[in-house]
Amino acid sequence: MTVRGVDHDFLALPLHRLADAALSAATAGGASYADLRVHSITTEIVQMRDGEVESAVLDRDIGLAVRVIVDGTWGFASHAGLTPDIAAESARHAVGVAVTLAALNADRVELADEPVYRDATWVSDCRIDPFTIPTADKVELLTEYSGRLLAADGVDHVSATVIAVKEQTFYADTFGSSITQQRVRIMPELDAVAVDASSGSFESMRTLAPPTGRGWEAVAGDEVWNWTAELAELPVLLAEKTKSPSVVAGPTDLVIDPTNLWLTIHESIGHATEYDRAIGYEAAYAGTSFATPDKLHRMRYGSPVMNVTADRTVDHGLATIGYDAEGVAAQRWDLVRDGIFVGYQTDRVFARKLGLDRSSGCSYADSAHHVPIQRMPNVSLQPGIEDLSTADLIARVDNGLYIVGDKSWSIDMQRYNFQFTGQRFYRIRNGRLESQVRDVAYQAVTTDFWNSMEAVGGPSTWRLGGAFNCGKAQPGQVAAVSHGCPSALFRGINVLNTVEESGR
């Protein structure tokens, strides 16, 4: 079954009555602008270890939020109740907050213009609603997947997790927009561990299936992801990894697979091109950004083959949406073009500060009880015009590494100096893959790294990775975001041996 509309139980809420009550009370109280957001998030998490259930949790968070502008100052209030009286009282409370803060506000709020969208609806692409699948069936499938891994020689432990989220929102503002949306996302993951009992050491290897803006079809069967092949291959790769030698540190040519490179994009480009970080407005969760406004249209971010887009419309993206939390329609735009830094992510306030006519639609809050802030869209490195395969890129390397899968990372407060590890590392010798090595991390300065990118794979190598848990703000908020990229070839990147580093 394909999900074609917003669930009836959400539509049965008195959404327009809540909006009428809140917006009327806000304007009567002196607000020059107001919006109402009804926000429902349903989350199910099933976690297993060695074929046994550790936890199975179903949670629903729902409430309403009212934002107002009074005398150029924001006010905000939220409530778990969903009645017109509560909506009106919340609006009056938000007005009171704005009036109180106005004396402290030295930066008048102005919103960029946006067309009005009346009675708009957007629903994400989801073939099988995961919340129609009984928890017992989810456990049965994860048990079966875990059993395939545990039955293999050399696998001592297996962790299995699936997280499913359904997010439903209703938005209305005093400009006249009213928008109802629903999106579903899912994250499946299995991690196999091999233990050397004599030494107490261990190695692990995780599946590469990305979190995705799909339904249960991404977990069950091989239509979206080839679980049969990966679960059969994983124990063999893990056994090889446990016997592989440590990497030799030093400058190394790298071919990086999309399953690893997406995270480097997230940290060194995605967060760095958030306009609120670039102007020092936001500094929580690893700081501000080196990509300051004086560098816009001037700085060479990377080599000429580097083209990076921000996109709220890409199929199955975790940050794909019809409209943001300020009623701005989803868009796609350039952040880096031919290696030059050309764009930022903005909401309606920051777009006006940057001198833009329109927001890029990057406002989001993870709950009714949090204020919408500027959040990352799907940020992606585009493939090359020539359809080079990953093997074509490897063939260009005499002595290097091929890196697959993400793992740990670190980056400084300016999004400038970073270090990343991975799941699997293969030697490249004379243009061909050899056996695995381990204990690998690569380290670089952001602009040096992207300027060392000699070639990118073609469209056949491009794929989406991503994360459910991108953090930002205080109080902290989380958001799901995808990053697409092709395989890519980098020259002379500093490779570290993590065992040697940790022993210093």
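Predicted model: local features only at pLDDT ≥ 70, side-chain atom pairs only at ≥ 80, totals over all residues.
A pocket here is an open set of grid points, on a 1 Å grid over the protein atoms alone, with protein on both sides within 12 Å along at least five of seven lines. The largest pocket holds about 860 Å³ of space, and the volume of the second largest pocket is about 640 Å³.

**Largest pocket**

- The lining of the largest pocket is made up of 31 residues.
- Trp74, Tyr281, Val371, Pro372 and Ile373 are the lining residues nearest the centre of the largest pocket.
- At least two lining residues come from each of strand S3 (73-79), helix H3 (84-102), helix H8 (348-354) and strand S13 (373-374).
- Strand S3 is the element that gives the most to this lining, with four residues.
- By residue type, the lining of the largest pocket has 15 nonpolar, eight polar and eight charged residues.

**Second largest pocket**

- The second largest pocket, with its volume of about 640 Å³, is lined by 33 residues.
- Closest to the centre of the second largest pocket are Trp262, Asp406, Gly466, Ala467 and Asn469.
- Strand S6 (178-196), helix H6 (258-270) and strand S22 (463-472) each provide at least two residues of the lining of this second pocket.
- Strand S22 gives the most to the lining of the second largest pocket, with nine residues.
- The lining of the second largest pocket consists of 16 nonpolar, ten polar and seven charged residues.

Definitions and conventions: Residues numbered from 1 in each chain as written. Heavy atoms only, no water. 1 Å grid on protein atoms, 1.4 Å probe; cavity = no way out; pocket = protein on both sides within 12 Å on 5 of 7 lines; lining within 4 Å. Points joined across faces, edges and corners; volume = space filled by probe spheres on them. Nonpolar A, V, L, I, M, F, W, Y, C, P; charged D, E, K, R; others polar.
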